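I opened this notebook to record what I looked up, entry by entry. The notes follow the order in which I worked.

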Amino acid sequence: MHVAVLDEPGSLRVEERERPEPAPDELLVNVREIGICGSDVHYYEHGKIGDYVVESPLILGHESAGEVVAVGERTGFEPGDRVALEPGVPCRRCAHCKRGEYNLCPDVTFMATPPDDGAFAEYVAWPADFAYRLPDSVSLREGALCEPLSVGIHAARRGNVDVGDSVLITGCGPIGLLAMEAVRAAGATEVFISDMVPEKLRTAESRGADAVIDVREENLAGAVANLTDGDGVDIVIEASGAKPAIRSTIDSVRRGGTIVLIGLAQNAEIPLDTGEIIDNELDLFGSFRYRNTYPAAIDLLADNVVDVEGIVDFESGLDDIDKAFERAMNEETVKGMITI
Ligand SMILES: NC(=O)C1=CN([C@@H]2O[C@H](COP(=O)(O)OP(=O)(O)OC[C@H]3O[C@@H](n4cnc5c(N)ncnc54)[C@H](O)[C@@H]3O)[C@@H](O)[C@H]2O)C=CC1
Ligand SMILES: CC(=O)[C@H](N)C(=O)O
């Protein structure tokens, strides 16, 4: 089978590997749609993210869906089933797993995170309990994009987004745009979103943002104050990882409001005014990946409550993956897909 391997920064190549055999509790999946995530691009450019360093050839890609071609003895699936693959498989035994917060498992195997291979491959053998059957009405592309949608769903849950809430999302990348879908599904009625790339703001506007804020031209907190009669929003979801955006979350949220941090600021220490958090009784939450979100994501897609395919700018074949990564690095690109 063909797989795309990252050897070192800037060097992706397609090579031939043995097709894996599914273990008794695994499915062999013919992978057909894989999203290119910002983290894949980061490994491609820099060969590492924080402490995770590419030290041996690594298959990238963790937003995937495909068709089951073979099953282990005890899986409950059949060849021909279409499935989305949840990329993080926890140990199932630690205290976090037992509490149900399996996204915090320290022994998780996560696709495309060194040393664990990902899904830019024709076939992947994957545990059946981290595969989700897709109904006919949900496409394989939508199945693959359940992954970034899950990041948005988890953030909406962390922020307890409720019917009638106003939400500011900072960042119109795939995570910000899909967090917008998730908070709408959770009942938010006013959703504002910020970025500094005009094309991305136009995309957010066309996808139904109530207001878009170009932070190159407007002060974020000032713009939010104008939109909320000076109060600030109920919830801020930070999805850019940019220092200025993270800093201004506190100034954009109302007293008694909630901040959810998704964006990962690379090597950045950000001063935090704890007095403002206390005086204004703010709730501040981190949001790490997701747990128990795939069934909800698939239901929302089946019911046409959310759109994920509209964020895709281009698709490419596995053999052209290096060109696809170059295109994904363009700041105007939101999402590229590899289609096999
Ligand atoms: N906590 C978690 O589990 C996860 C965190 N992430 C992180 O979430 C962040 C977003 O991910 P993606 O959407 O894939 O990234 P992305 O890089 O595609 O999008 C970030 C967006 O923020 C915009 N931006 C830059 N400076 C800004 C500012 N000052 N104000 C507003 N927007 C600004 C950029 O123009 C870009 O459109 C990244 O930091 C990523 O590492 C991603 C997945 C999971
Ligand atoms: C940070 C990422 O983008 C990645 N999806 C991950 O969860 O590791």
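Entry one: the contact between the domains. I noted that domain 1 and domain 2 bury about 920 Å² between them, with 64% of this area on carbon and sulfur atoms. The model is a predicted one, and I read every value below as computed from it.

I then asked which residues of domain 1 lose the most area to domain 2. They are Ile-311, Glu-332 and Val-334, which together make up 48% of what the side of domain 1 buries.

On the side of domain 1 that touches domain 2, I found 5 nonpolar, 4 polar and 3 charged residues. How many salt bridges does the rule find across the interface of domain 1 and domain 2? The number is 0. For polar contact, I recorded 1 residue pair between domain 1 and domain 2.

Entry three: the layout. The domain assignment gives domain 1 as 2-145 + 308-339 and domain 2 as 153-286. Domain 1 contributes 12 residues to the contact, and domain 2 contributes 11. I also noted that the centres of the two domains, taken over C-alpha atoms, are 28 Å apart.

I listed 23 residues around ligand 1, of which Ile-175, Asp-195, Leu-264, Ser-287 and Arg-289 come nearest. Next I looked up polar backbone atoms beside the ligand. That of Arg-289 is 2.6 Å from an oxygen atom of ligand 1, and that of Pro-174 is 3.3 Å from an oxygen atom of ligand 1. For Ile-262, a polar backbone atom is 3.0 Å from a nitrogen atom of ligand 1. Ligand 1 exposes 860 Å² when taken alone, and the protein buries 79% of that.

Terms used. Residues numbered from 1 in each chain as written. Chains lettered and ligands numbered in written order. Predicted model: local features only at pLDDT ≥ 70, side-chain atom pairs only at ≥ 80, totals over all residues. Heavy atoms only, no water. Domains from an automatic or database assignment. Contact = heavy atoms within 4.5 Å. Buried area = accessible area lost by both parts, 1.4 Å probe. Salt bridge = Lys/Arg side-chain N within 4 Å of Asp/Glu carboxyl O. Polar contact = N/O pair within 3.5 Å; in protein donor to acceptor, adjacent residues only side chain to side chain. Nonpolar A, V, L, I, M, F, W, Y, C, P; charged D, E, K, R; others polar. Near = heavy atom within 4 Å. Areas by Shrake-Rupley, 256 points an atom, 1.4 Å probe, with all protein chains shown as cover.
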